[in-house]
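User: I'd like to learn how to read a structure like this one. Can you take me through it step by step?

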Amino acid sequence: MLRIDSEKLKKLLDRTLTYQGIPCRVIEILADDPALVLRDQQDCRIIQANQYGDAGERLPRTFTVAVLDAQGTGLNPDLPELATFDLLI
């Protein structure tokens, strides 16, 4: 299993990455998993439900995406730009 350096991962904050063909900005880093929280940069907004399931305001779409692939042996292929960063310990 690959090991990701959490300090190096912080370099991705506020960077633009492509996730499944969608340009996104890294808005948060979850170091435990590790995972990235991405915000869709297109003009696509969704209705976000509140804690009770009621419709709330329209907000940009977000994705939480693992940094590693499902086996933990490589970087997530859905984020091809990750290969350009030195993230490994």
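User: Leaving aside its neighbours within four places in sequence, which residues is N76 in contact with?

Analyst: Keep in mind that this is a predicted model. For contacts, you look for heavy atoms within 4.5 Å. Once neighbours within four places in sequence are set aside, N76 is in contact with V65, A66, V67, L68 and D69.

User: Where does N76 lie relative to the strands?

Analyst: N76 sits in the segment after β6, the strand that covers 62-66.

User: What does the side chain of N76 reach?

Analyst: The side chain of N76 gets to the backbone oxygen of A66, at 2.8 Å. A66 is also one of the contacts of N76.

User: Is N76 buried or exposed, and why?

Analyst: For that you check relative accessible area: under 20% means buried. N76 counts as buried because its relative accessibility is 10%.

User: How many of the residues of the protein chain count as buried, as a percentage?

Analyst: The figure is 29% of the 89 residues. As for surface, the chain exposes about 5900 Å², with carbon and sulfur atoms supplying 47% of that.

User: What order do the elements run in from the N terminus?

Analyst: You read α-β-β-β-β-β-β, which comes to 1 helix and 6 strands. Along its principal axes, the C-alpha trace spans about 45 × 25 × 20 Å.

User: And what about the charges: how far apart are their mean positions?

Analyst: There are 10 positive and 14 negative charges, and their mean positions are 5 Å apart.

Key
Residues are numbered from 1 along each chain as its sequence is written. This is a predicted model: local features need pLDDT of at least 70, side-chain atom pairs count only at pLDDT 80 or more; totals for chains, interfaces and linings use all residues. Side-chain values use heavy atoms; hydrogens and water are left out. Helices (H or I, at least four residues) and strands (E, at least two) are DSSP runs, numbered from the N terminus. Buried means under 20% relative accessible area, exposed over 50%, partly exposed in between (1.4 Å probe, protein chains only). Accessible areas come from the Shrake-Rupley method with a 1.4 Å probe; for residues, only the protein chains shown count as cover. Lys and Arg count as positive and Asp and Glu as negative; His and the chain ends are not counted. The place of a charge is taken as NZ of Lys, CZ of Arg, CG of Asp or CD of Glu. A polar contact is a pair of N or O atoms within 3.5 Å; within protein, one must be able to donate a hydrogen and the other to accept it, and residues adjacent in sequence count only if both atoms are side-chain atoms.
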